[in-house]
Amino acid sequence: MRCGSLITVMALGMVLSSASIALAQEEDPAPDVADMNFLTGLRGSSGQYVNYFAHKDNDGDGIPDIFQAGLLQYMLATKRYDKELSGIQDCCDKIWLPWNKFTEISVFYMGTSEWGRDFFVDWISGMGLYADVFDDPFYAPSEYSMNGYGLVGGADNPDADGLTNYQEFTRACRKFNLDGQNFENWSDKDWGVAYINNTSTVGASVMGTFVDQATTPSLPVMGFFGMGATSLAMAWIGIRRVSSRRRKHQ
Ligand SMILES: [Ca+2]
Ligand SMILES: [Ca+2]
Ligand SMILES: [Ca+2]
């Protein structure tokens, strides 16, 4: 296990251990994943978890995890990728406990990396907290791994435009004069530019631009055909004008 992963596992242990396990589980349905805010979930209230989760790259794909959480949140809300994300509601249903303040973190990391899922399955079930809900189906990686969906990883390309999510991310950063390849060096001010209000996936921010670009085919595809169509249109207009002038002079 990588050092970063180990640190995050320890952090997950800290936050989960701090949850009040003495509270009784209530009969309460799990939230709809489309309504969950993964941005605030990864930050925690008042942003106290940003150093463990939100501003880290725990899966090592080159993108801060908060941006992947934003992309996931947008995809769930817009329901454009329902087929690929069909297993995530079931994942949420099985880990949901009304008193658990870490549902978004749990769902996100269980889904995006094998080590995260294994942590929750083995470590927490070992504590006996989730013994009844972590049954054998959770040991099927293909069923629960977000990597298997091929949507929010750095090498994924959900809009099929030839640009990976990592490339879409660094492009979005450049639009706001930020170096996406070295986000570890960003200041608090830079992070404020990166995603405004800490809650939204839309708007004039790196987050809004990244989410839009990652789900919209861009220049490599649209530019080629777009330039071809524009050239043909201009040529046609030019011919019409020349023909018109000739008729006037005849
Ligand atoms: Ca990442
Ligand atoms: Ca793309
Ligand atoms: Ca794109």
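**Figure 1. Overview of the chain in the predicted model.** Of the 250 residues of the chain, 34% count as buried. The chain contains 12 helices and zero strands, so its elements, read from the N terminus, run α-α-α-α-α-α-α-α-α-α-α-α. Among contacts between residues at least 6 apart in sequence, 64% join residues at least 24 apart.

**Figure 2. Close-up of the crossing of helices α9 and α11.** Helix α9 spans residues 165-175 and helix α11 spans residues 206-214. Their axes come within 9 Å and cross at roughly 140°. Angles over 145 degrees would count as roughly antiparallel; α9 and α11 are therefore oblique to each other. The crossing of the two helices is right-handed.

**Figure 3. Residues at the contact of α9 with α11.** On the α9 side the contact involves Asn165, Glu168, Phe169, Arg171, Ala172, Cys173 and Lys175. Their partners in α11 are Val206, Thr209, Phe210, Gln213 and Ala214. By class, the residues of this contact divide into six nonpolar, three polar and three charged. An α-helix has 3.6 residues a turn, so residues three or four places apart point the same way. Within α9, Asn165, Glu168 and Phe169 are among the residues that meet α11.

**Figure 4. Burial of helix α9 and the residue that follows the helix.** The buried residues in α9 are Asn165, Gln167, Glu168, Phe169, Thr170, Ala172 and Cys173. What covers them includes α4 (65-78) and α11. Just after α9, asparagine 177 takes a positive phi of about 55°.

Figure 5. Leaving aside residues up to four places away in sequence, threonine 199 touches Asn37, Leu39 and Thr40. The C-alpha atoms of threonine 199 and asparagine 37 are separated by 7.1 Å, although the two residues lie 162 residues apart along the chain.

Methods
Residues numbered from 1 in each chain as written. Chains lettered and ligands numbered in written order. Predicted model: local features only at pLDDT ≥ 70, side-chain atom pairs only at ≥ 80, totals over all residues. Axes fitted to C-alpha atoms, helices over the stretch in contact; angles between N-to-C directions. Helix = DSSP H or I, 4+ residues; strand = E, 2+ residues; numbered from the N terminus. Parallel < 35°, antiparallel > 145°, perpendicular 65-115°, else oblique. Left-handed = near helix turned anticlockwise from the far one by under 90°. Contact = placed C-beta atoms within 7 Å. Nonpolar A, V, L, I, M, F, W, Y, C, P; charged D, E, K, R; others polar. Buried ≥ 20, exposed ≤ 12 C-beta atoms within 10 Å, placed from the backbone.
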